[in-house]
Amino acid sequence: MKHKVWILRIVLIALIVGWMIMIFDFSADDGVESQTLSDKITIKVVHIMKPNYDSMPRNEQKALFNKVSFIVRKIGHFGEYGLLGLLVTGFLLTFEGIRNLKKRYIVLFGTLWCFVYALTDETHQLFVQGRSAKIGDVFVDVIGGLLAAVIIVAIWNKISKRKNYEKV
């Protein structure tokens with residue numbers, strides 16, 4: 001059993017490091033590259049929302065595009081750090097001693113990890129051409145990490161209770 005736990009930990013560490021590198025890589029894109037990627041996603045979303053988008057007046061198209069673009073970018077941040085929070089919190093839960101802590105501390109640590117990495121990520125963007133650091137992005141990142149941490153701990157609790165119930 002301990003062998004399987006160590007394999008899981010190694011896999012989770014690799015996924016955490018890999019995902020952090022991926023986030024860093026996204027942040028290393030200059031402003032034009034980053035906006036181009038967001039625009040590609042945004043235009044697909046806009047066409048799903050409004051199949052008649054191309055026939056709308058130009059000013060309405062632009063207004064809708066800008067609103068959706070903002071949401072797409074924030075969902076990107078939320079999702080990036082949601083996955084990071086899920087991986088880090090999942091890793092923490094592989095340690096029996098940590099699992100015995102109050103669950104809010106596990107959630108807090110997973111969220112804190114996301115907060116610190118989000119701060120470094122936004123700082124990194126200060127040094128990338130056409131990019132800037134935004135405290136609002138850090139907030140969205142942290143909320144994504146927090147929600148994922150809460151979800152994984154809740155799932156873990158449910159599974160643990162079911163296993164304990166089945167033992168009786």
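The paragraphs below lead from the overall fold of this predicted model to some of its side-chain pairs. Residues are numbered from 1 along each chain as its sequence is written, and side-chain values use heavy atoms, with hydrogens and water left out. Because the model is predicted, local features need pLDDT of at least 70 and side-chain atom pairs count only at pLDDT 80 or more, whereas totals for chains, interfaces and linings use all residues.

The protein chain has six helices and zero strands, where helices (H or I, at least four residues) and strands (E, at least two) are DSSP runs numbered from the N terminus. Read from that end, the elements run α-α-α-α-α-α. The radius of gyration, taken over C-alpha atoms, is 20 Å, well over the 15 Å that the globule rule gives for 168 residues, so the chain is more spread out than a compact globule; that rule is 2.2 Å times the number of residues to the power 0.38. Along the principal axes, the C-alpha atoms fill a box of roughly 65 × 35 × 25 Å. Of the 168 residues, 36% count as buried, a word that stands for under 20% relative accessible area, with exposed over 50% and partly exposed in between (1.4 Å probe, protein chains only). Among the contacts with a separation of 6 or more, 71% come from residues 24 or more positions apart, a contact being heavy atoms within 4.5 Å.

Asp-137 is buried, with a relative accessible area of 5%.

His-77 also has its place in helix H3 and counts as buried at 12% relative accessibility. Leaving aside residues up to four places away in sequence, His-77 touches Glu-122, Asp-137, Val-140 and Asp-141. The side chains of His-77 and Asp-141 are joined by a polar contact of 2.8 Å, which is a pair of N or O atoms within 3.5 Å; within protein, one must be able to donate a hydrogen and the other to accept it, and residues adjacent in sequence count only if both atoms are side-chain atoms.

The structure also holds three aromatic pairs. Rings of Phe, Tyr and Trp (its six-membered ring) pair if their centres lie within 6.5 Å, and planes under 30 degrees apart count as stacked, over 60 as edge-to-face and the rest as tilted. Tyr-81 and Tyr-117 form a tilted pair, 6.4 Å centre to centre with 40° between the planes.
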